[in-house]
Amino acid sequence: MSRTYEIVHPVTLKMARPLIIFGPLKERITEELLKSEEFATCIQHTSRPPQDGEVDGVDHHFYPSKEAMQADISAGKFVDVTVQSDHFYGTSLQSILDVLQSGRICILDVNIVAIYRLQTACLHPISILFRPETITHCRGLQRRLTLDQARKVYESCTRMESEYWYLFTAILGLESLDSAMVSIDRVLQQHRGPQVWLPADQTLRNVEKESQATS
């Protein structure tokens, strides 16, 4: 695996950083983190109509039509979008900002490409990949998985490490849920800010964005 060194620069952040977790146990890790008021998730947007009992702005942000949401997707207002039953579900930049500006760390369940979009928006996520050692190890961590499912999880983690290693704040081994929580706390203490070191291309985007805001 060929890796190169990146030039980094110090940056002072003005708000919390989003947190993205990849790998086995991410759902259980997220559940544990959300027990603390320090963390929160953002409310997704959707193009489907509300179901009985659902409240706009609580369960989802509901768009009046699929076309209206498509327009905002095309305008770059979302970092991650999926399609289910012919309806859009998306995580918007504004929803993430609403959480971050409250002083909490926003935990995101998004795909790897969303990291690029967050960096472009100067939100600089803390992204952690938990890497299982083997397929058997992966299945041991999540016993409900079939062998084929465990293989897919293992191969996905291996591919992400190989192709996108430069997007991760940390790539960590995974022994148990308890060890994962200790590792996350260590990474957060080191990278949460407000003073952090970021790759030079991300720093340049910060400068450009601040320049545009003051011009």
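Which residues have the most contacts inside the largest nonpolar core?

A: The model is predicted: local features need pLDDT of at least 70, side-chain atom pairs count only at pLDDT 80 or more, and totals for chains, interfaces and linings use all residues. Residues are numbered from 1 along each chain as its sequence is written, and side-chain values use heavy atoms, without hydrogens and water.

A nonpolar core is a set of buried Ala, Val, Leu, Ile, Met, Phe, Trp, Tyr and Cys residues joined through side-chain atoms within 4.5 Å; buried means under 20% relative accessible area, exposed over 50%, and partly exposed in between (1.4 Å probe, protein chains only). The largest such core has 45 residues, and L19, I29, I96 and F130 have the most contacts inside it. Five of its residues come from helix 7 (residues 177-191), which gives the most to this core; helices are DSSP runs of H or I with at least four residues, and strands are runs of E with at least two, both numbered from the N terminus. Domain 1 (10-38 + 106-214) and domain 2 (41-103) each supply at least three residues to the core, with domain bounds taken from an automatic or database assignment.

Leaving aside residues up to four places away in sequence, I29 touches I21, P24, F130, L177, A180, M181 and I184, where contact means heavy atoms within 4.5 Å. In soluble globular proteins, nonpolar side chains tend to be buried together.
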